[in-house]
Amino acid sequence: MLDVSTLWSLQGQLLLLIAAGALVRRLKLIDEEGQAALTNVVLYVTLPCSILLSFMMEVDHSLLSHLLVVFLLSAGVQVFSFTLSKLHYRNVEESKRNVLRYGLLVSNAGFMGLPIAGLLFGQLGYIYASIYLIPQRVVMWSAGLALFGDRNQSFGVRMKQVAVHPCMIAVYLGFLLMFTSLALPSFVTKTLASLGNSTTALSMLLIGSLLAEPGQNPFHADRSLLHFTVLRLLVIPLASFLICRMIGIDPVITGAGVILAAMPGGSTTVILASKYGSDTAYASKLVVFSTLLSLLSIPLWGMVL
């Protein structure tokens, strides 16, 4: 059964980092120019390093059939999430609509999902979670990034910009390293780790600073945000759970897939909203609000599994 205290410790860490970012903004240690600079550092430096690191794993050939099932399950979740994002929020203003749709596509499975899957299912949980994240990594820097692109540009131009984005380049290199088993020099790997491991802290500080903008109420949730949270924390994992049970997928794969599908909105929602001129305050609320409610929903899913 899930160790609830460890889970709350992980989520508490996120919330404290957000609070630290809010304090930094309130004390005027960072201004709007500083926020823009921090966004660029995360988006173009630390996040690509983090993505590249997530692909650097040894694939155990004896587990290939199970890994393929995990991959297909994750791909199915992304298709389902993409469908939900298309069906909902048509009547919401564009700056918020892009945030809500991206939040449905991209969860916080990278930071929270990996350790939680490990707590529940041991080493297999970590392996399955690493594979599960691959389709989400691809979607978040293709369809996800396209949501925030300049709508005045042609589709082809926007897709070209997505294709050469540093985070997508990290995905390409990641697949190359994973399937060719190429080993990078240790000093390169350690440098990537040093940069990549700072992504979570910097992202949460950015979210906190954006939440602390004058005139913002970070805990006010409108109907669309409540609706998003229900879809993100309950509907998507429930669909995963039911499909896995109907097909008869291995219980460990089912458990890992469902718990990863139940993660709150990802911090990259705020980073991209800040970079591309969407509603950053609303994106910050989405991350904070869904993370707070996941303190209740994820332990419940852990008990179900």
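## Packing of helices H3 and H4

H3 passes H4 in a right-handed crossing (the near helix is turned clockwise from the far one by less than a right angle). By class, their contact has 4 nonpolar, 3 polar and 2 charged residues. Asp, Glu, Lys and Arg count as charged; Ala, Val, Leu, Ile, Met, Phe, Trp, Tyr, Cys and Pro as nonpolar; the others, Gly among them, as polar.

This is a predicted model, where local features need pLDDT of at least 70, side-chain atom pairs count only at pLDDT 80 or more, and totals for chains, interfaces and linings use all residues. Residues are numbered from 1 along each chain, and side-chain values use heavy atoms, without hydrogens and water.

Helices H3 and H4 pack at an angle of about 165 degrees, with axes 8 Å apart. H3 is therefore roughly antiparallel to H4 (over 145 degrees). Axes are lines fitted to C-alpha atoms over the stretch in contact, and angles run from 0 to 180 degrees between N-to-C directions.

The residues that meet, with heavy atoms within 4.5 Å, are these:

| Helix | Span | Residues in contact |
|---|---|---|
| H3 | residues 64-87 | Gln-78, Ser-81, Phe-82, Leu-84, Ser-85, Lys-86 |
| H4 | residues 94-105 | Arg-101, Leu-104, Leu-105 |

The protein chain has 14 helices and 0 strands. Helices are DSSP runs (H or I) of at least four residues, strands (E) of at least two, numbered from the N terminus. Buried residues (under 20% relative accessible area, 1.4 Å probe, protein chains only) make up 50% of the 305 residues.

Mean pLDDT, the predictor's confidence per residue from 0 to 100, is 83 for the protein chain.

Key:
Parallel < 35°, antiparallel > 145°, perpendicular 65-115°, else oblique.
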